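Biologist: I am new to this kind of model. Please show me how to read it, feature by feature.

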Amino acid sequence: MARLVSGTGPTPETAVVRILGGRQLLQGAAVLIRPAPALVIGALAVDVLHATSMLAAALIWPGYRRAALTSAAVAAVSAVAGALILRGALR
């Protein structure tokens with residue numbers, strides 16, 4: 001998957017991809033199992049920070065731009081999902 005997302009650019013290190021992917025899976029599972037407002041807010045904040053850091057990475061390391069922007073997009077979608085969950089929980 002990392003090679004596919006990277007296109008013609010270099011592929012990110014396998015360990016980095018696994019760590020970030022594992023974090024995303026664990027975070028998503030935790031929110032699905034227990035969508036408590038505090039947990040959702042924490043997950044949303046982590047996603048926003050991750051998306052922001054990937055935008056910075058895309059600027060700093062242009063060779064990894066496509067992979068970083070894809071990671072930023074996934075984190076942004078996850079943050080929006082968290083905001084929608086939170087919005088529903090507070091109603």
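**Reading the chain**

Modeller: The secondary structure of the chain comes to four helices and zero strands. Helices (H or I, at least four residues) and strands (E, at least two) are DSSP runs, numbered from the N terminus. This is a predicted model, in which local features need pLDDT of at least 70, side-chain atom pairs count only at pLDDT 80 or more, and totals for chains, interfaces and linings use all residues. Residues are numbered from 1 along each chain as its sequence is written, and side-chain values use heavy atoms, with hydrogens and water left out.

Biologist: What does the chain span along its principal axes?

Modeller: The C-alpha trace spans about 45 × 20 × 15 Å. The accessible surface of the chain comes to about 6200 Å², and 73% of that belongs to carbon and sulfur atoms. Such areas come from the Shrake-Rupley method with a 1.4 Å probe; for residues, only the protein chains shown count as cover.

Biologist: How much of the chain do buried residues make up?

Modeller: Buried means under 20% relative accessible area, exposed over 50%, and partly exposed in between (1.4 Å probe, protein chains only). Of the 91 residues in the chain, 21% are buried.

Biologist: Which residues make up the largest nonpolar core?

Modeller: In soluble globular proteins, nonpolar side chains tend to be buried together. A nonpolar core is a set of buried Ala, Val, Leu, Ile, Met, Phe, Trp, Tyr and Cys residues joined through side-chain atoms within 4.5 Å. Here the largest one has five residues: Met 54, Ala 57, Ala 58, Ala 68 and Ala 72. Helices H3 and H4 (65-89) each supply at least two residues of this core, and H3 gives the most, with three. Contact means heavy atoms within 4.5 Å. Leaving aside neighbours within four places in sequence, Ala 68 is in contact with Met 54, Ala 57 and Ala 58.

Biologist: Which residues make the nonpolar surface patch of about 480 Å²?

Modeller: Patches are made of residues with over 30% relative accessible area and no salt bridge, where like charges are joined within 9 Å and nonpolar side chains (Val, Leu, Ile, Met, Phe, Trp, Tyr) within 5 Å. This patch is made by Leu 59, Ile 60, Trp 61 and Tyr 64. Ile 60 has its place in helix H3 (residues 37-60) and is exposed, with a relative accessible area of 54%.

Biologist: Which residue forms a salt bridge with Arg 23?

Modeller: Side chains of opposite charge can pair when their charged atoms come close. A salt bridge is a side-chain nitrogen of Lys or Arg within 4 Å of a carboxyl oxygen of Asp or Glu. By this rule the count comes to one. Arg 23 pairs with Asp 47, their closest N and O atoms being 3.1 Å apart. Arg 23 lies in helix H2 and Asp 47 in helix H3, so the pair ties together parts that are 24 residues apart in sequence. Arg 23 is partly exposed at 22% relative accessibility, while Asp 47 is buried at 2%.

Biologist: Is Ser 6 buried or exposed?

Modeller: Ser 6, found in helix H1 (residues 2-6), is buried, with a relative accessible area of 4%. Leaving aside neighbours within four places in sequence, Ser 6 is in contact with Thr 11, Pro 12, Arg 66 and Ala 67. Leu 4 also lies in helix H1, but Leu 4 counts as exposed at 61% relative accessibility.
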